[in-house]
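Reader: Could you walk me through this structure? I would like to go from the overall layout down to single side chains.

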Amino acid sequence: MSKQDERAQKAAQWLEHLQGWKESGGAMAAYAKGHGLALWAMYHWRQVLIREGHWHEQPNTPRCSDDTRRDSPVPIRFARVAVTDSPLPLPLIVRVHLCNGRRAEIELGELNQLDEVLGVLERRA
């Protein structure tokens, strides 16, 4: 059997699995688990078959129970928010782990002190 034939056979098998999954009406993860398939492989082959034009999917529709279903779409609302810089909580505690196994915990009162500590640590002895 040629590689092209093997590839076509594999694509046909995955197409059958995808059709079975859609007909089941359940989650892809549940179908994959129930049939001993790797979920990542199902996602992979779904994308391959979509790209090659062998699999067409309708966009997912949200699942609703009958009592929450609405005839008209719900309008999207946006809230106005303000983004501000929040100061770091002080004191700032820095934990240093050195290659030789030594550890130090340093409490800083201001953020600019961190630059000084890093400068000291990076200096060669």
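Author: Gladly, and one term comes up throughout: contact means heavy atoms within 4.5 Å. By that rule K22 touches W55 and E57, leaving out residues up to four places away in sequence. Please keep in mind that this is a predicted model.

Reader: Thanks! In what order do the elements of the chain run from the N terminus on?

Author: The chain has four helices and two strands. Of its 125 residues, 15% count as buried. Read from the N terminus on, the order of the elements is α-α-α-β-β-α.

Reader: Among contacts between residues at least 6 apart in sequence, what share joins residues at least 24 apart?

Author: Here a contact is again a pair with heavy atoms within 4.5 Å. Taking those between residues at least 6 apart in sequence, the share that joins residues at least 24 apart is 33%.

Reader: Let's look at helix packing. Are α1 and α3 roughly parallel or roughly perpendicular to each other?

Author: Two packed helices are described by the angle between their axes and the distance between the axes. For helix α1 (residues 3-24) and helix α3 (residues 39-51), the axes are 10 Å apart and the angle is about 110 degrees. Angles of 65 to 115 degrees count as roughly perpendicular. The two helices, α1 and α3, are therefore roughly perpendicular.

Reader: And how many nonpolar residues does the contact of α1 with α3 have?

Author: From α1 come R7, K10, A11, W14, L15, H17, L18 and W21, and they meet A41, M42, W45, R46, V48 and L49 in α3. Sorted by class, that contact has three charged residues and one polar residue, and the number of nonpolar ones is 10.

Reader: I see two tryptophans there. Is the pair of W14 and W45 stacked or edge-to-face?

Author: A search of the whole structure finds one aromatic pair. The ring centres of W14 and W45 lie 6.5 Å apart, and their planes are at 5 degrees. Planes under 30 degrees apart count as stacked. The 5 degrees between W14 and W45 fall under that cut-off, so the pair is stacked.

Reader: How many residues apart are W14 and W45?

Author: W14 counts as buried because its relative accessibility is 12%, and W45 counts as buried at 10%, with buried meaning under 20%. W14 sits in helix α1 and W45 in helix α3, so the pair links distant parts of the chain, and the separation is 31 residues.

Reader: On to charges. Which residue does E52 meet in a salt bridge?

Author: The whole structure holds two salt bridges by this search. In one of them, the N to O distance is 2.6 Å and the partner of E52 is R7. E52 lies in the loop between α3 and β1 (92-97) and R7 in helix α1, so parts 45 residues apart in sequence are tied together.

Reader: How far is W55 from L15 in space, C-alpha to C-alpha?

Author: In sequence, W55 and L15 are 40 residues apart. Their C-alpha to C-alpha distance in space is 7.4 Å.

Key
Residues are numbered from 1 along each chain as its sequence is written. This is a predicted model: local features need pLDDT of at least 70, side-chain atom pairs count only at pLDDT 80 or more; totals for chains, interfaces and linings use all residues. Side-chain values use heavy atoms; hydrogens and water are left out. Axes are lines fitted to C-alpha atoms, for helices over the stretch in contact, and angles run from 0 to 180 degrees between N-to-C directions. Angles under 35 degrees count as roughly parallel, over 145 as roughly antiparallel, 65 to 115 as roughly perpendicular and the rest as oblique. Ala, Val, Leu, Ile, Met, Phe, Trp, Tyr, Cys and Pro count as nonpolar, Asp, Glu, Lys and Arg as charged, and the others, Gly among them, as polar. A salt bridge is a side-chain nitrogen of Lys or Arg within 4 Å of a carboxyl oxygen of Asp or Glu. Rings of Phe, Tyr and Trp (its six-membered ring) pair if their centres lie within 6.5 Å; planes under 30 degrees apart count as stacked, over 60 as edge-to-face and the rest as tilted. Buried means under 20% relative accessible area, exposed over 50%, partly exposed in between (1.4 Å probe, protein chains only).
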